[in-house]
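This report describes a strand pairing and a set of charged side-chain contacts. The structure is shown first, and the description follows.

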Amino acid sequence: MKYLKYVIAILIIILLVVWAMPVLFIDHIPYGTLAPNHDENYIPEILLTPVPTIKYEVEEYPVNSFSSDISMQQILEALQIAYESGCYTPYTDEINEYDPFEDTNYNGNIIEYIPDYSTVNGNAGFRVGDEFDSLIETVNINIQKYDLSFYCDRFESVGKAIDFYKENYVNRWIIGRDYKREDLNIINNSDKGYCICFGNNGYRAAYLIDDMVIYYYVSVDLVTTREFEHHQEFCNILNLPTDESINELITESIKYNR
């Protein structure tokens with residue numbers, strides 16, 4: 001009997017070893033390793049490096065109309081004087097006051113006036129998108145080069161014009177400056193109804209006039225002095241503000257362009 005306790009202890013040890021043996025031989029995956037995957041294009045999540053999301057905040061700027069006294073008719077007349085061209089109304093059955101293709105003195109500037117944008121919205125070559133569904137009428141300068149863009153858009157309400165002005169010009173230029181790291185000179189006088197942006201790629205100006213938005217762009221690499229003078233004359237006729245220091249910079253930059 002004196003050895004009974006030793007026999008019982010040995011039996012307990014043997015039972016524990018027998019009970020643990022299946023666990024020792026089970027094929028298992030230790031912590032910290034990856035399960036095998038036979039797809040050669042498979043990239044384990046543990047190897048993926050997360051890309052940080054960069055959010056660019058756009059400060060809210062007060063926006064006011066420059067003037068409510070300027071009409072689309074005055075803008076058309078000022079364009080014809082400044083760009084030495086007649087007004088052309090395409091896509092209608094009416095007799096046009098001016099047909100550039102029959103003008104022997106045609107200088108390459110076509111002032112296109114579309115009195116009802118809903119008739120062309122969605123057509124090839126025209127701006128499309130929900131933001132243009134509220135566009136009533138528009139005028140643009142159609143030049144056979146890519147150095148100039150001009151639009152004057154009239155919307156169905158002042159609120160729609162403000163939204164278009166803020167989203168497409170003020171906010172986009174400010175975001176573009178931060179995101180692209182461009183060296184832009186922005187004169188943001190949106191509280192007075194206009195914003196001017198000048199950088200390496202070109203000169204941009206936007207004006208909010210009641211329910212209308214005017215946008216002007218020229219490429220500094222391509223525009224000539226005379227073409228930029230057209231814009232300055234247009235602004236002078238309507239008393240639209242510009243920036244004298246920026247005008248001098250552009251004039252100096254483009255003086256050798258042909």
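## The S5–S6 hairpin

In this predicted model, strands S5 and S6 make up a hairpin with four residues between them, and Gly 193 in the turn has a positive phi of about 100°. The pairing of S5 (residues 185-189) with S6 (residues 194-198) is antiparallel and runs over five bridges. Within this arrangement, Tyr 194 of S6 is the residue opposite Asn 189.

## Salt bridges of Arg 154

The model contains five salt bridges. One of them joins the side chains of Arg 154 and Glu 137, with an N to O distance of 2.4 Å. Because Arg 154 belongs to strand S4 (residues 148-155) and Glu 137 to strand S3 (residues 135-142), this contact ties together parts that are 17 residues apart in sequence. Arg 154 has a relative accessible area of 25% and is partly exposed, whereas Glu 137 is buried at 9%.

Arg 154 also forms a salt bridge with Asp 211, where the closest N and O atoms are 3.6 Å apart. Asp 211 sits in the loop between strand S7 (202-209) and strand S8 (212-219), and Arg 154 in strand S4, so this pair links parts that are 57 residues apart in sequence. Asp 211 is buried, with a relative accessibility of 17%.

## Further charged contacts

Lys 255 and Glu 252 meet through their side chains in a salt bridge of 2.7 Å, N to O. Both partners are partly exposed: Lys 255 at 33% relative accessibility and Glu 252 at 48%.

Methods
Residues numbered from 1 in each chain as written. Predicted model: local features only at pLDDT ≥ 70, side-chain atom pairs only at ≥ 80, totals over all residues. Heavy atoms only, no water. Pairing = 2+ DSSP bridges. Helix = DSSP H or I, 4+ residues; strand = E, 2+ residues; numbered from the N terminus. Salt bridge = Lys/Arg side-chain N within 4 Å of Asp/Glu carboxyl O. Buried < 20%, exposed > 50% of the residue type's maximum accessible area, 1.4 Å probe, protein only.
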